[in-house]
Amino acid sequence: MKAIRKAVFPVAGLGTRFLPATKANPKEMLPIVDKPLIQFAAEEAVAAGIDVLIFIIGRNKSSIPDHFDKAYELEAELEASGKQEMLNIVRNILPPRIDCVYIRQAEALGLGHAVLCAQSVVGDEPFAVLLADDLINTNERSCLSQMVDIYSQHHCSILGIEHVARETVNRYGIIDSSPISDSLSKVNAIVEKPAIDKAPSNLAVVGRYILTPRIFKLLEKTQRGAGNEIQLTDAIAKLLKEETVLGYEFDGKRFDCGSKSGYLQATVEFALQHPELKQEFASYLYDLVKNKLEKSP
């Protein structure tokens, strides 16, 4: 079985929940402290052994290729100013061995269509899909690294999953599953954004996937579903009838940075871990909360 070498990043969405901030700037370029969301996702992929990053982009997304490209003028200015630490950061956003491929999704037809756009580059190989607005913080091995380990044992498609509040199941793809171990399940069925009273469980698929190339042929035949879009979930439902698909409850904390609340929570928690900021910021938060409590009736 081939190793996981390629990862797809669907980044063509409009990010309407963050308007006006995303009017001219992709939501994937929104920073968590001093690093954009898309860089966190790319670093996670690289840590998992990925060496080809495939970005599915749309209009007004030029800042994403620019971010991962060489910045000659900026590097020259930093070098002339003697700012070696900052120069090293800019030069080492990605290791030199990494290849970046950019594919234009001409029309926003959903996540399934975005993944299908990568077919010509992925070819006949298993591959990963990462949604940058699902930021996953782990203590040791990244979420995708954990999933690659599972793939090396089982050689089948794997979905990153987690338990969500029952009242939020209508926001996710929800699975019905049979447990294999504490963190691993066999997926029996999957449904996109079910009604709360009809959801088979509260195990939700989040923005991490490892998929076999068979998914492309199924996506080609998938009709528009929820939201009048080609849903990846619908193609995975077909894949279940042909191949084993596993759900993996990763070790880590997910922040839904596609929502304002989740984005702010991630910013606070990552600031509290930032080596330059954590002490000063923790002190600020302590004083802020203390003052709020003292003033509350």
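This is a predicted model: local features need pLDDT of at least 70, side-chain atom pairs count only at pLDDT 80 or more; totals for chains, interfaces and linings use all residues.
The relative accessible area of Thr233 is 9%, and because the limit for a buried residue is under 20%, Thr233 counts as buried. When residues up to four places away in sequence are set aside, the contacts of Thr233 are with Gly173, Ile190, Val191 and Glu192.

## Domains and their interface

The domain assignment divides the chain into domain 1, made up of the segments 6–161, 179–187 and 203–258, and domain 2, which takes in residues 265–296. The centres of the two domains, taken over C-alpha atoms, are separated by 30 Å, and contact between them involves 10 residues of domain 1 and nine residues of domain 2.

About 780 Å² of area is buried between domain 1 and domain 2, and carbon and sulfur atoms account for 66% of this area. On the side of domain 1, Val33, Asn137 and Phe255 together supply 57% of the area buried against domain 2, which is more than any other three residues supply. One salt bridge is found across the interface of domain 1 and domain 2.

## Aromatic pairs

Over the whole structure, the search finds eight aromatic pairs. One of the aromatic pairs is formed by Phe127 and Phe216, with the ring centres 5.0 Å apart and an angle of 5° between the planes. The pair is classed as stacked, because planes under 30 degrees apart fall into that class.

The pair of Phe127 and Phe216 links distant parts of the chain, since the two residues are 89 residues apart. Phe127 is in strand E6, which runs over residues 127–130, while Phe216 is in helix H8, which runs over residues 214–220. Phe127 and Phe216 are both buried.

## An aromatic cluster and a charge over a ring

Four residues, namely Phe9, Phe55, Phe68 and Tyr102, form one aromatic cluster. Another ring, that of Phe40, has the charged end of Lys35 sitting over it, at 4.9 Å from the ring centre.

Technical notes. Residues are numbered from 1 along each chain as its sequence is written. Side-chain values use heavy atoms; hydrogens and water are left out. Rings of Phe, Tyr and Trp (its six-membered ring) pair if their centres lie within 6.5 Å; planes under 30 degrees apart count as stacked, over 60 as edge-to-face and the rest as tilted. Helices (H or I, at least four residues) and strands (E, at least two) are DSSP runs, numbered from the N terminus. Buried means under 20% relative accessible area, exposed over 50%, partly exposed in between (1.4 Å probe, protein chains only). A charge sits over a ring if NZ of Lys or CZ of Arg is within 6 Å of the ring centre and within 35 degrees of the ring normal. Domain bounds come from an automatic or database domain assignment. Contact means heavy atoms within 4.5 Å. Buried area is the accessible area (1.4 Å probe) that two parts lose on being put together, summed over both. A salt bridge is a side-chain nitrogen of Lys or Arg within 4 Å of a carboxyl oxygen of Asp or Glu.
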